[in-house]
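I opened my notebook to look up how this chain is put together.

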Amino acid sequence: QVQLVESGGGLVQAGGSLRVSCAASGRTFSYYRMGWFRQAPGKEREFVSAISGLGSRTDYADSVRGRFTISRDNAKNTVYLQMNSLQPEDTAVYYCAAAGLGRPADTYDYWGQGTQVTVSS
């Protein structure tokens, strides 16, 4: 069993930056591909980014590529999402997920409770 706890969300003006973090329990963190997803009001949950277990491979949605950076620190059992040049359309609840197979949300076994990111114009 893996428990995920997100933190670091908040309110930021357009053009600003935020870093959200996801702390995981368990001793096998480095085995898991980790992903970030987001869900805006009235919209379906969408893929944002993913990173392989050792951090050598990353993937980004087209909408965030070049602005967001995913990373992980396996010694701290933590995955990060650095978000730069934020826009109002980035406003959503951001979820961390573990043990998935890439982009499809339904391939991930574990989910955090989410952290709200709000970008004001």
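Predicted model: local features only at pLDDT ≥ 70, side-chain atom pairs only at ≥ 80, totals over all residues.

Next I checked the surface. The chain exposes about 6400 Å². Carbon and sulfur atoms supply 45% of that area.

Then I looked up the secondary structure. I counted 11 strands and 0 helices.

How does the radius of gyration agree with that of a compact globule? A compact globule of 121 residues would have a value near 14 Å, and the chain has 13 Å, so the two agree. I also noted the span of the C-alpha trace along its principal axes, about 40 × 25 × 25 Å.

I turned to contacts between residues at least 6 apart in sequence. Of these, 55% join residues at least 24 apart.

Charges were next. I listed 12 positive and 10 negative side chains. The centres of the two sets lie 6 Å apart.

Last, I went through the rings. The structure holds 6 aromatic pairs. I picked Phe37 and Tyr108: their ring centres are 5.2 Å apart and their planes meet at 80°, so I wrote down edge-to-face. The cut-off for that label is over 60 degrees. Phe37 sits in strand S4, and Tyr108 in the loop between strands S9 and S10, so this pair ties together parts 71 residues apart in sequence. Both residues, Phe37 and Tyr108, are buried. Ring pairs also link Phe37 and Tyr108 with Phe47, Tyr95 and Trp111 in a cluster.

Conventions:
Residues numbered from 1 in each chain as written. Heavy atoms only, no water. Helix = DSSP H or I, 4+ residues; strand = E, 2+ residues; numbered from the N terminus. Rg over C-alpha atoms; globule rule 2.2 N^0.38 Å. Contact = heavy atoms within 4.5 Å. Areas by Shrake-Rupley, 256 points an atom, 1.4 Å probe, with all protein chains shown as cover. Lys, Arg positive; Asp, Glu negative; His and termini not counted. Charge placed at Lys NZ, Arg CZ, Asp CG, Glu CD. Phe/Tyr/Trp six-rings, centres within 6.5 Å; stacked < 30°, edge-to-face > 60°. Buried < 20%, exposed > 50% of the residue type's maximum accessible area, 1.4 Å probe, protein only.
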